[in-house]
Amino acid sequence: MTGPLVPFREIVLKVHSRCDLACDHCYVYEAADQSWREQPRAVSDDVISGTARRLAEHAEKHRLSSVSVILHGGEPLLAGPERLRRVCEVLTAAVTPVAELDLRIHTNGVLLGPRHLDLFEEFGVKVGISLDGDRAANDRHRRYADGSSSHAQVLAAVELLQQPRHRKLFAGLLCTVDLANDPVAVHDALVALDPPRIDYLLPHATWETPPVRPDAIPAPYADWLLAVFDRWDEQGRTVPVRLFDSVLSTLHGGPSLTESLGLAPTDIVVVETDGSLEQVDSLKSAYEGAAATGFSVFQDDFDAVAAHPGVRARQRGLAGVGEQCRRCPVVRSCGGGHYTHRYRAGHGFANPSVYCPDLMALVRGIENRAPVPELPGPHQLADSALELNRLLLAELHTALDGRGGAEWARIWELTTAVDGPGLDTVLAHPYARGGLLTALEALDAGRPDAVTRALRLAAYTAAAAVRDGAGPAVPVRWSDGRLHLPTLGELRLPAAEGVAEVAAVGSGFRVRYASGERHVARPAEPAPDWRPLRRVHGLVLDDLDPYRDCFDGPVLHRLGPREAAEWGRRVTRTRAGLAGTVPRYADMLTAITTLTPLAQGAGPVVGRHGFGALGLPLGLADEQLAPALLRGGRRAALRALLDVEDLYDMDGAWQHPTPWGPLPVSRLLAEAYEGVAVAAYGGGAPALAELGRALEALERAAELTVTGKHLVHTLRQEWEEASRGREHH
């Protein structure tokens with residue numbers, strides 16, 4: 001595998017290699033790998049200090065803001081309070097100077113007492129406890145070697161963690177699924193303990209040692225988990241369940257929340273009690289030595305493990321799963337299943353999970369239970385665009401962090417003072433997005449003109465004050481002899497650059513600068529050296545805004561009055577005709593508020609700006625204008641939708657066969673989204689057939705989120721309507 005190493009953010013430190021229970025489903029003691037027998041019982045001071053040193057080096061080298069260390073076993077509490085204190089002290093001393101340290105312990109809980117919790121409170125150690133449900137469910141596997149129950153001791157440990165003093169240390173409960181247990185009874189028993197989180201885990205299994213699977217039940221583990229999901233949902237999802245939250249996250253385009261699902265690269269390394277460095281423990285279920293790397297904290301750093309072929313194989317995302325999984329529509333959520341569960345002798349890990357039918361049924365079941373998302377309409381998209389611009393303005397203020405000095409402090413104070421309808425109008429202008437992003441990117445890149453770019457945005461504050469007809473004078477920088485007021489127009493000034501004070505006066509405004517003063521009584525009308533933005537039948541023809549230059553093609557500068565009026569009339573006439581011909585798209589067409597003329601090109605262009613703007617080549621013939629408006633309107637709407645909704649994941653990871661050649665889902669969705677509207681207007685049978693095949697490819701695309709699938713379903717309805725319309729004619 002090529003590419004940079006993925007640093008480890010989670011370390012599992014084995015502090016004791018033996019256990020006080022004899023759980024018959026334990027992957028450490030009951031699986032193929034029996035290397036635990038050769039490990040020292042307790043971790044030594046040398047291993048503790050070596051681990052701490054290696055972790056601190058790793059965090060500093062990779063600039064990690066935080067790292068987690070999970071104290072594990074066997075049963076880690078067998079190490080005793082003094083040994084655990086030594087672990088916490090050494091790790092804290094070594095790591096906290098370079099990164100935040102998150103300490104956790106995973107225990108069966110039977111030994112947990114006040115002395116442990118006092119220690120854990122001192123060092124902020126979070127406690128996760130293994131518990132499989134009520135007494136009957138838990139005692140099915142989690143018993144002492146003599147067969148006696150451990151349930152009462154675990155409940156006593158949970159009761160200690162529930163005390164107000166220790167509640168903040170409670171990390172949650174981990175429950176291994178057993179089909180013999182009643183799923184609702186198990187979940188109710190766990191919820192009754194009021195844990196901060198529940199993790200349901202499938203028993204570790206491989207194709208060589210498959211899980212228990214009753215005959216004639218195709219997906220029994222999915223059935224069990226979906227029964228729990230329904231109970232969880234019925235109870236109002238009062239306790240987070242990581243497995244369910246992870247599937248819901250990936251279905252909506254978010255990340256996986258658990259190692260056992262999803263395609264995120266693994267970032268866990270295990271330190272055994274002898275200091276040897278291993279891959280994740282669960283691999284011990286596959287075969288003897290499956291987790292071994294040959295490295296140790298005494299001779300090797302964590303980067304050596306990160307470069308190990310076995311670790312790298314788990315960091316390949318989609319490329320790391322087998323061909324069958326890559327074609328599966330739920331792979332983005334299940335990730336091919338837990339890596340260990342894919343193992344088959346002679347074939348390694350390039351197989352579907354041994355739980356494949358269950359994972360498919362689980363993801364589909366949760367997806368079918370999720371409410372159908374409502375796609376936002378044009379007005380909602382416009383509101384979202386305004387809200388995003390407001391957030392970007394606040395982010396810019398934070399990013400400046402005092403670098404704008406007194407000038408920016410004054411601008412921010414005035415912006416807060418004029419916050420109202422005028423500022424909403426100015427920030428809703430599509431090209432405001434370009435100005436805000438340009439300033440933020442300059443600050444992020446550390447460009448020498450970054451602060452100046454930010455200060456120029458005072459023009460938005462000034463324009464807002466003029467629109468509201470009130471407010472104090474706003475200092476505004478200008479350049480190239482032009483002072484631009486967004487949504488209003490630009491004033492020519494005699495000097496190339498400078499700072500002017502802009503103040504609202506009556507229904508107009510006054511501009512004072514070093515060598516003089518100008519008054520504009522009516523901003524909507526031309527005046528000496530004042531060029532207003534022009535409007536034709538509700539459309540803004542913006543050939544002035546300095547941030548309109550965000551298209552692939554060159555923009556045209558100020559059009560002549562007749563040329564601008566004629567172009568605006570043509571666009572308005574065409575838009576009105578489309579509203580009558582394809583009424584389904586009338587709202588989308590009216591959402592186009594701002595047009596910018598382009599110098600050349602054969603079609604519409606959507607630049608880097610907010611919802612409502614469109615770049616159109618000035619020379620389009622009448623027969624080209626209607627499809628260009630449809631394509632452009634849809635392109636702008638899709639761009640705005642992507643600002644507020646996750647429609648797909650892993651953009652570009654797969655190439656889908658389409659009538660236009662292999663395409664990633666992002667391009668395929670865009671082509672279909674635009675093409676359906678154009679086909680409804682005047683597409684022939686070949687174009688409709690191509691779109692039908694494209695929609696079939698989209699309906700099979702695993703990258704689509706729940707919202708993306710709903711959008712494709714809507715496109716299918718539009719396509720069917722267009723097809724019926726053609727048959728009718």
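The model is predicted, so local features need pLDDT of at least 70 and side-chain atom pairs count only at pLDDT 80 or more, while totals for chains, interfaces and linings use all residues. Residues are numbered from 1 along each chain as its sequence is written, and side-chain values use heavy atoms, leaving out hydrogens and water. Helices (H or I, at least four residues) and strands (E, at least two) are DSSP runs, numbered from the N terminus.

**The nine-stranded sheet**

- An open sheet of nine strands runs in the order β6-β5-β4-β3-β2-β1-β7-β8-β9, and its pairing is mixed; two strands pair if DSSP finds at least two bridges between them.
- At the edges sit β6 (198-201) and β9 (292-296), each of which pairs on one side only.
- From one strand to the next, the twist averages 25°; axes are lines fitted to C-alpha atoms, for helices over the stretch in contact, and angles run from 0 to 180 degrees between N-to-C directions.
- Inside this order, β3 (residues 100-107) and β4 (residues 126-130) are joined in the parallel sense by four bridges.
- To find this pairing in the structure, look for I105, whose bridge partner in β4 is V127.

**A helix across the sheet**

- Helix α1 (residues 45-61) lies across β1 (10-14), β2 (66-72) and β7 (268-271), and runs at about 155° to β2.

**Two helices side by side**

- Helix α7 (residues 220-234) and helix α13 (residues 356-369) have axes that come within 8 Å and cross at roughly 25°.
- That makes α7 roughly parallel to α13 (angles under 35 degrees count as roughly parallel, over 145 as roughly antiparallel, 65 to 115 as roughly perpendicular and the rest as oblique).
- The crossing of α7 and α13 is right-handed, meaning that the near helix is turned clockwise from the far one by less than a right angle.
- In contact (heavy atoms within 4.5 Å), α7 residues including Y221, L225 and F229 meet α13 residues, among them A361, L362 and I366.
- The residues of this contact divide into nine nonpolar, one polar and three charged; Ala, Val, Leu, Ile, Met, Phe, Trp, Tyr, Cys and Pro count as nonpolar, Asp, Glu, Lys and Arg as charged, and the others, Gly among them, as polar.

**The three-stranded sheet**

- Another open sheet has three strands in the order β11-β12-β16, with antiparallel pairing.
- Its edge strands are β11 (482-485) and β16 (530-532), each pairing on one side only.
- Here the twist averages 15° from one strand to the next.
- Four bridges link β11 and β12 (residues 489-492) in the antiparallel sense, and R482 stands opposite R492 in β12.
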